[in-house]
Amino acid sequence: MEVNIMIAGEAGQGVQSAGFILAKALARGGYHVFADQDYESRVRGGHNFFRIRASDSEIGAIKKSLDVLLALNEESIALHRDELEKSGVIIFDKERVKNPGDIGNAMAIPMDELAEKIGNKIIANTVALGVCLAITGYDIKLLESTLKDRFGQAEVGKANVSAAREGYKYGEKHTVKDFKISLETVSKKGKLLINGHEALALGAIAAGCRFMAGYPMTPASSILEYMASQMEKVDLVVVQPEDEISAINMAIGASFAGTRAMTATSGSGFCLMVEGLGLAGLTETPLVVVDAQRPGPAVGLPTRTEQGDLQFVLSAHHGDVQRAVIAPATAADSFWLTVKAFNLAEKYQLPVIILTDHFLANSYVTIEGFDLSGVSIDRGEIFTGKPEDYRRHKITKSGISPRAMPGMSEALVVTDSDEHDEEGHLVEDAAIRMEQVEKRMRKMAGLSGEISPPELYGPEEADLTLIGWGSTYGTLREVVDTYKNIKVNLIHFREIWPFPAEKTDRMLAGAGKTCIVENNGTGQLASLIRAETGRQINRKILKYDGRPFEPDYITREIEKGES
């Protein structure tokens, strides 16, 4: 059983709210759900949509073809009618849409009229959700419980439940020709519906992060907002300073004092943070920075998606700054790799950058939940010697100096943003400068051993090897699964720096044709692979229109290259 539903309209019509409620109702029936959002950078008007794919088997991508289009305005029909399956149906309000055109299966329903019958025209979208579930035969009680949780048990909640029932009754009475999708409850045990940034924020909290500073910037704002919403539930401080420069410096200050700290921004905000990144590197202060990518340069497309910052975060520094770079592939990855990021930051005393993007940030997916017994916290090597013997930047074989926290012992903790000696006092001595640079660089040997190799999905030997990183994972896995006549596999990167060159080289050595798939215009991972292994990728499929990949798009592009 599978269904693909889109709710479309303009900003201000409640597209996102209605989409999330419907997705959650389907998740409560045991369905695997994948949902994404597309919206313009405006408060009112424009065109927005929320796509939901629900299946009784595991899924990790969205589909372009639609079974149901719930159109909240006339423009939505014109824009998406060609995406509808032959047996699909368009649901719309007969008062809002005056000229739908010849659209085959259509349900012109009195959404506003039925809502006014309940007493409030504003709940017309809930009527439409009831109709949508009625034509699939889905259990209305699952939508009702979702609405009660969303709006409460008081008047607003009761009105929405009544509106859903009215829509459901209407849908039951008005059958749709040739529409054959029937959704039974898969399981009485529902699934957790979560997006990538909610999972990342939960991972940070589970990892012991207790301070976050951030300046609002799409799509990183959702991390700031979610963590702020948890302040009263956990011992957590969330601050919105005046800009991104202040945000990273506040996080560095909190970390220097001994608190696990992070900041989050997008590409142009990360530009402002680069000087602070160098400060964390030189003072060897642990720090987690999230760069939630969106199309650039400059303001670019603020509410769209792209993977355009990889080369930037790898090389953003003046002088040599050691770092780790991680790019979660799924919501579950976002949780667990964030935990790992905090451990690496403190163990190696350096910045760890987490690369997400708008697609991962705002796509909802069902998961079974997080087993917190799997969370371990590694705060690195803590100084336990005599206070008078403490040297913050002590030269060690590993490059890691035992760490003391100011005020937590009698050890005097000194560091400086100028080059410094072992005790942390600024110097200009050439020999000491060499020692400190080499000490910091030695960390990378140990850090390299912590980086997981790319995942191989599919057969070990293949005619075609797809390569990707970050949020394209679910889509690429589905592409691999569609091929039956030729052997196709996938090499996918989640942990990118230090680059796992030796393991990558071995994996590519046995590959046939190689094709990299990236949401940018230059093939940034392909360039990195060539620089680190000397291997040239045969072909690139690049997309930089601000929209995510869909499995069918990649398959078509592959076939173009084979023809």
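Biologist: Where is the place of Ala-298?

Modeller: Ala-298 sits in the loop between β11 and α11 (310-315). Its phi is positive, about 55 degrees, although Ala-298 is not a glycine. Most residues other than glycine have a negative phi. A caution before we go on: this is a predicted model, where local features need pLDDT of at least 70, side-chain atom pairs count only at pLDDT 80 or more, and totals for chains, interfaces and linings use all residues. Residues are numbered from 1 along each chain as its sequence is written, and side-chain values use heavy atoms, with hydrogens and water left out.

Biologist: What makes a run a helix or a strand, and what makes two strands pair?

Modeller: Both are DSSP runs, numbered from the N terminus: helices are H or I with at least four residues, strands are E with at least two. Two strands pair if DSSP finds at least two bridges between them. Take β12 (residues 324-326) and β13 (residues 351-357): three bridges join them, and they run parallel. Val-325 stands opposite Ile-353 in β13.

Biologist: Which strands are the edge strands of the seven-stranded sheet?

Modeller: The order is β9-β8-β10-β11-β13-β12-β18, an open sheet with mixed pairing. β9 (237-239) and β18 (495-497) are the edge strands, as each pairs on one side only. From one strand to the next, the twist averages 20 degrees. Axes here are lines fitted to C-alpha atoms, for helices over the stretch in contact, and angles run from 0 to 180 degrees between N-to-C directions.

Biologist: Which strands does helix α12 touch?

Modeller: Helix α12 (residues 331-348) packs on the sheet and touches β10, β11, β12, β13 and β18. Contact means heavy atoms within 4.5 Å. The direction of α12 makes about 160 degrees with that of β13.

Biologist: Why are α7 and α12 called roughly parallel?

Modeller: Their axes come within 7 Å and cross at roughly 30 degrees. Angles under 35 degrees count as roughly parallel, over 145 as roughly antiparallel, 65 to 115 as roughly perpendicular and the rest as oblique. Therefore α7 and α12 are roughly parallel to each other.

Biologist: How many residues of that contact are nonpolar, polar or charged?

Modeller: Nine are nonpolar, four are polar and none is charged. Ala, Val, Leu, Ile, Met, Phe, Trp, Tyr, Cys and Pro count as nonpolar, Asp, Glu, Lys and Arg as charged, and the others, Gly among them, as polar.

Biologist: What makes Phe-34 and Phe-359 an aromatic pair, and what is its kind?

Modeller: Rings of Phe, Tyr and Trp (its six-membered ring) pair if their centres lie within 6.5 Å; planes under 30 degrees apart count as stacked, over 60 as edge-to-face and the rest as tilted. Phe-34 and Phe-359 are 5.9 Å apart, centre to centre, with 40 degrees between the planes, so the pair is tilted. Phe-34 is in strand β2 (residues 32-38) and Phe-359 in helix α13 (residues 358-362), 325 residues apart.

Biologist: Which omega marks the bond from Thr-218 to Pro-219 as cis?

Modeller: Its omega is near 0 degrees. Pro-219 lies in the loop between β8 (211-213) and α8 (221-229). A cis peptide bond also joins Trp-497 and Pro-498, with omega about 0 degrees. Most peptide bonds are trans.
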